[in-house]
Amino acid sequence: MTGGDHEDARGDVPRGLRSAALTVACLLVLAVAAWLVVLLLTRLASLTLSLVATLLLAALIMPVSRGLRRLRAPAWLAALGGVVAIVVLVTGPLALIGNETFQQWPALQRGLGQGLDKIREFLIKGPVPVDAHRIDVIGDEIRRRLTASAPDPAASATAAAQGLAAAALALVLVFFVLKDGRTMWEWALRMTPEHVRPRADLAARAGWDSLVAYVRGTVVIAAVDATGIGIGLVIIGVPLAAPLALLTFIAAFVPIVGAAVAGAAAVIIAFVSNGITDALLVIAVVIGVQQAEGNLLQPLIMGRALRLHPAVILVAVTAGTLLAGIAGAVVAVPLTAVVYRIYLTLRVAAPVLAEEGEPPPQPPGATEVV
C-alpha cells in the first residue's frame with residue numbers, strides 16, 4: 001500500500017473518533033498501571049501500612065521534633081523525642097482505658113444479658129408478637145455462626161506479630177524521617193529530570209501541606225468529639241465511657257462512616273446496660289456533637305485543607321474499604337486530598353514555569369518538607 005493509500009484510509013476515520021480512541025487507549029494504560037500498583041501494594045500490605053503510618057505520624061509529631069531543634073538539641077535527639085512522644089501518646093491512653101475496661105467488663109456482660117432478655121421479651125409480647133421458639137432458633141443460629149467465624153488462634157497470633165512488626169518498622173522510619181527528612185527529599189528530587197524539579201518540589205510541598213493540615217485537623221476534631229461524647233456518657237451513666245470515647249476518637253479518622261459506627265456502639269451499650277431512655281439520651285448527645293463538628297469545627301479547623309465534596313469523600317472511603325479494609329478507609333481521604341492538591345498545584349505552576357523559566361514562589365502557609 002502506498003503512502004497516499006495510507007492517508008486515504010486514515011482520512012476515512014473521523015478525527016473525533018480517532019481522538020476518542022486515543023483517549024480510551026491512554027485511559028486503559030493508566031488503569032492497568034494503577035491496578036498493578038494497587039496489586040503490588042496489597043501484596044506488600046505490612047510494608048505499605050508501615051509507610052503510610054510513617055507519613056501520618058511524622059506529619060502529626062513534627063512540631064515536637066522542631067521544638068527540640070529550636071532548643072539546640074541534636075538532630076538525632078530531636079527525632080528520638082518525637083518517637084518517644086508518639087509512644088507515650090499511644091500507649092498511655094490505651095493502658096488507662098484497658099484497665100477501666102477490665103474492671104467494668106463483668107458489669108457490661110451482665111447488662112448485655114439483661115438487654116438481650118429485654119429484647120426477647122419485647123419481641124414476644126410486642127405489637128407484632130414473635131414465637132418464642134422461633135426467636136431461640138434464630139439466637140442459636142447467630143451464636144453458631146459467630147463461633148464458626150471466630151478467627152483461628154494461630155492466624156490471630158500471626159496477624160498480631162505482623163502488626164507489631166509493622167508498628168516497630170513505622171517507628172524506626174519516623175525516626176529517620178524526622179532526623180533526615182530534608183536530606184531524603186533533596187536526594188529524591190535529584191533523581192528527577194532537572195527541568196521538572198521546580199514543579200515536582202512545589203507539588204510535593206503542597207501535597208505535604210495538605211497531609212499535615214488533614215492529620216492535625218482530624219486529631220483536633222477527633223479529640224473534641226471524643227471529649228464531648230465521653231462527658232455525655234459519664235453524665236448519663238453509661239458504662240465503659242472512656243473506651244467508647246477512645247472508639248469515637250479512632251473512628252473520627254474514617255470520615256462520615258466512622259462517626260456512625262462509634263455512635264451506634266455507644267447507643268447499643270447504653271441500651272443493653274441502662275435501658276431505652278438512656279439510649280435515646282445517648283442518641284441526642286451523639287447527634288448534637290456530630291452536628292457541632294460538621295457545622296462549626298470542620299469549617300473552622302480544617303478550613304480549605306481538603307476542599308473535597310462530601311460525595312467524593314464517601315466514594316473514597318468506600319473504595320478504600322473495599323480495597324484494604326479499615327486501613328484503606330483511614331488512608332483513602334488523606335490520599336485523595338493529597339493527590340488533588342498536587343494536581344491543582346501542577347496545573348497552576350505549569351504556565352508560570354513555562355513563562356518565567358523559574359520556580360514560582362512557595363504558596364502562602366506552605367510548610368517545609370520534614
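Tutor: Let us begin with a term. A residue is buried under 20% relative accessible area, exposed over 50%, and partly exposed in between. Phenylalanine 176 has a relative accessible area of 37%, so this residue is partly exposed. Please bear in mind that the model is predicted.

Student: What share of the residues of the protein count as buried?

Tutor: Of its 370 residues, 29% count as buried. The accessible surface of the protein is about 22700 Å², and 71% of that surface belongs to carbon and sulfur atoms.

Student: How many helices and how many strands make up the secondary structure?

Tutor: The protein has 11 helices and zero strands. Read from the N terminus, the order of elements is α-α-α-α-α-α-α-α-α-α-α. As for contacts between residues at least 6 apart in sequence, 73% of them join residues at least 24 apart.

Student: How is a nonpolar core read, and which residues have the most contacts inside the largest one?

Tutor: A nonpolar core is a set of buried residues of nonpolar types, joined through side-chain atoms within 4.5 Å. The largest here has 17 residues, and Ala59, Trp208, Leu211 and Val317 have the most contacts inside it. Helices H3, H7 (197–236) and H11 (310–356) each contribute at least two residues to this core. H11 provides the largest share of the core, with six residues.

Student: Which residues form a nonpolar patch on the surface?

Tutor: The patch is formed by Leu40, Leu44, Leu47, Leu51 and Leu169, which together have about 430 Å² of accessible area. Leucine 169 belongs to helix H6, residues 153–190. Its relative accessible area is 34%, and leucine 169 is therefore partly exposed.

Student: How many aromatic pairs does a search of the whole structure find, and how is their geometry read?

Tutor: Ring planes over 60 degrees apart count as edge-to-face. The search finds two pairs. Phenylalanine 175 and phenylalanine 176 are edge-to-face, at 5.4 Å centre to centre and 75° between the planes. Phenylalanine 249 and phenylalanine 253 are also edge-to-face, with 5.7 Å between centres and 70° between planes. Phenylalanine 249 has a relative accessible area of 25%, so this residue is partly exposed.

Student: How many salt bridges does the structure hold, and where are they?

Tutor: A salt bridge requires a side-chain nitrogen of Lys or Arg within 4 Å of a carboxyl oxygen of Asp or Glu. The structure holds two. In one, lysine 179 pairs with aspartate 180, the closest N and O atoms being 3.3 Å apart. Lysine 179 is partly exposed because its relative accessibility is 29%; aspartate 180, at 24%, is partly exposed as well. In another, arginine 205 pairs with aspartate 201, with the closest N and O atoms 3.1 Å apart. Both arginine 205 and aspartate 201 are buried.

Student: Why are arginine 205 and aspartate 201 separated by about one helical turn?

Tutor: They are four residues apart in helix H7, which means a separation of about one helical turn.

Note on methods
Residues numbered from 1 in each chain as written. Predicted model: local features only at pLDDT ≥ 70, side-chain atom pairs only at ≥ 80, totals over all residues. Heavy atoms only, no water. Patch = residues over 30% accessible without salt bridge, like charges linked within 9 Å, V, L, I, M, F, W, Y side chains within 5 Å. Areas by Shrake-Rupley, 256 points an atom, 1.4 Å probe, with all protein chains shown as cover. Buried < 20%, exposed > 50% of the residue type's maximum accessible area, 1.4 Å probe, protein only. Phe/Tyr/Trp six-rings, centres within 6.5 Å; stacked < 30°, edge-to-face > 60°. Contact = heavy atoms within 4.5 Å.
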